[in-house]
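Visitor: I am new to this structure and would like a close look at a single part of it. Could you take the open sheet and then show me what else there is around the chain?

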Amino acid sequence: MEKFVIQGGRPLSGEIEISGAKNAAVAILPATILAKDRFVIENVPDIRDISSMLQILEVMGATVETLGPNKIAIDTRGFVSKTVPYELTRNLRASYYLLGALLGMYSHASVAMPGGCNFGGVRPIDLHLKAFQALGTVITTDGGVIDARAPRLVGASVYFDKVSVGATINLMLAAVKARGLTVIENAAKEPHIVDLANFLNLMGANIKGAGTDEIKIEGVSELHGCDYSIIPDQIEAGTYMVAAAAAGGDLTIKNVIPKHLEPITVKLRECGAGVEEFDDAVRVTASGRLTACNIKTLPHPGFPTDMQPQFTVLLTMCEGVSVVTDSVWDNRFRYVDQLVRMGASISIEGKAAIVTGVDRLKGAPVRADDLRAGAAMIIAGLCAKGTTEIEDIIHIDRGYEDVVRKLRGVGAEISRVDFPSPTAGAVKRA
Ligand code: UD1
């Protein structure tokens with residue numbers, strides 16, 4: 001077992017380089033199934049979710065070659081399988097994209113229901129399945145395995161009554177080679193939807209409107225390999241922006257698309273932090289106590305739910321009372337208990353957290369309940385007086401490349417500590 005040990009109270013100063021976007025990569029990698037060819041993909045984040053996805057593709061017959069740091073080649077010419085067992089999907093929520101990709105390629109997919117973060121609640125995929133059905137797919141479920149098959153996928157008009165990133169992506173993957181036109185209405189508009197559309201279009205697809213709420217996909221009969229570079233990770237960048245505002249300092253966050261960060265930038269400025277935007281970098285400066293502000297999570301371009309736990313940590317130390325409302329997920333405040341143990345003053349009322357700012361958090365043993373809750377614990381530890389130990393960091397490793405090295409490079413005192421057994425002594429690693 002491993003945990004992070006953080007000595008809080010050091011400002012963050014210097015430069016941090018952002019990795020490729022996890023949520024784009026977990027869609028783009030399975031999209032390679034849609035052609036039997038070779039792909040070269042750059043800016044692939046070195047994180048657990050990506051190794052899980054690559055492992056699945058390899059087991060199914062693709063070959064994966066590392067060409068350099070964050071650069072891989074995937075060859076799908078030997079791809080054979082249409083079945084993905086539970087042993088492979090259990091640790092990866094986004095494994096459900098294999099359903100859309102396999103359906104799109106073979107009109108047949110059999111995929112075990114995924115694992116991954118569940119924020120303490122149910123994460124339904126009914127919209128994904130309804131969208132596949134609209135294209136003529138028959139779906140059966142047995143023992144946690146979804147079997148989807150169609151004689152031939154046929155384009156259709158699909159209106160989502162709730163904006164869903166996953167359902168939009170899955171429908172794009174399934175429809176890209178379907179016969180005729182597919183129109184997705186009330187589509188998600190997240191940056192990774194646009195990135196996937198760009199990747200598919202480079203493969204020879206005909207997708208228009210990604211990034212708006214209506215996406216039109218004219219099915220094509222053949223797709224081919226391509227070279228592609230994945231966009232920077234909006235949430236990783238946002239996490240370090242908020243960390244700098246909370247811990248204080250002067251941090252430049254490089255390899256970002258500042259426009260993707262605007263919902264976070266606006267809120268940080270409202271709290272009193274300085275945010276300067278450059279072509280592909282942002283600089284966050286903060287000193288002293290910031291002021292409270294209200295946050296409401298919404299689908300893009302609203303404030304991202306995946307930044308809600310991290311921003312809540314900042315608000316625990318702001319002057320005044322903040323209200324944080326999560327309108328995307330029902331149950332995304334489970335981590336609040338951990339912050340309260342560190343001295344935060346937070347009460348939950350329905351879908352909102354009422355946060356009354358305190359002078360300072362105090363270090364404590366806490367755990368990472370899920371990926372973004374884990375990131376929130378890191379920020380809390382960086383700001384707290386004394387030592388914070390974070391357990392269950394496997395969740396953080398799913399989505400943050402080299403978090404210890406990146407933070408130590410800008411002045412944080414954070415280490416990854418091995419615990420071979422509960423009784424043996426701890427061994428410190430840099
Ligand atoms: C993706 C992100 C996740 C982020 C979320 C919202 C990836 C791999 N994960 O998750 O980090 O928190 O977007 O920005 O990109 N819903 C249904 N039925 C469905 C699907 C979703 O009711 O079939 C609901 C969900 O319960 C939730 C809302 O729709 O309340 C949004 O979920 P969705 O956008 O689908 O999230 P994911 O794609 O799972």
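Guide: Here is a walk that begins with the sheet and then moves on to other places in the chain. Please keep in mind that this is a predicted model.

Let us start with the open sheet. Its 4 strands come in the order β2-β15-β17-β16, and the pairing is mixed. At the edges stand β2 (12-17) and β16 (274-277); each has a single partner strand, so one side of each is left without a neighbour in the sheet. On average, neighbouring strands here are turned by 10° against each other, with direction ignored. A helix belongs to this picture too: α8 (residues 234-247) packs on the sheet and touches β2, β15 (249-254), β16 and β17. The direction of α8 makes about 170° with that of β15.

For E276, the bridge partner in β17 is R283. As a general point, side chains in a regular strand alternate between the two faces of the sheet.

Another pair of strands is β4 (residues 63-68) and β5 (residues 71-75), which run antiparallel and are joined by 5 bridges. G68 has K71 in β5 as its bridge partner. This hairpin has 2 residues between the strands, and N70 takes a positive phi near 60° there. N70 is partly exposed, because its relative accessibility is 27%. N43 also has a positive phi, of about 60°, although it is not a glycine. You will find N43 in the loop between β3 (38-42) and α2 (48-59). With a relative accessible area of 19%, N43 is buried. Most residues other than glycine have a negative phi, and most peptide bonds are trans. The peptide bond from H300 to P301 is cis, with omega near 10°, and P301 sits in the loop between β18 (295-297) and α10 (308-316).

Next comes helix α6 (residues 165-175). Of its 11 residues, 10 are buried, so the helix is largely enclosed by the rest of the structure. Among the buried ones are I169, L171, M172 and L173. The N-terminal end of α6 is capped by S164, with a side-chain oxygen 3.5 Å from the backbone nitrogen of G166.

Last, the aromatic rings: a search of the whole structure finds 5 aromatic pairs. In one of them, the ring centres of F199 and Y228 are 5.4 Å apart and the planes stand at 75°, so the pair is edge-to-face. This pair links distant parts of the chain, as F199 is in helix α7 (residues 191-202) and Y228 is in strand β14 (residues 227-229), 29 residues apart. Both residues are buried. Together with F39, F199 and Y228 form one aromatic cluster. F333 and Y335 form a tilted pair, 6.5 Å centre to centre with 40° between the planes. F333 counts as buried at 10% relative accessibility, and Y335 is buried with a relative accessible area of 2%.

Terms used:
Residues are numbered from 1 along each chain as its sequence is written. This is a predicted model: local features need pLDDT of at least 70, side-chain atom pairs count only at pLDDT 80 or more; totals for chains, interfaces and linings use all residues. Side-chain values use heavy atoms; hydrogens and water are left out. Buried means under 20% relative accessible area, exposed over 50%, partly exposed in between (1.4 Å probe, protein chains only). A polar contact is a pair of N or O atoms within 3.5 Å; within protein, one must be able to donate a hydrogen and the other to accept it, and residues adjacent in sequence count only if both atoms are side-chain atoms. Two strands pair if DSSP finds at least two bridges between them. Axes are lines fitted to C-alpha atoms, for helices over the stretch in contact, and angles run from 0 to 180 degrees between N-to-C directions. Contact means heavy atoms within 4.5 Å. Rings of Phe, Tyr and Trp (its six-membered ring) pair if their centres lie within 6.5 Å; planes under 30 degrees apart count as stacked, over 60 as edge-to-face and the rest as tilted.
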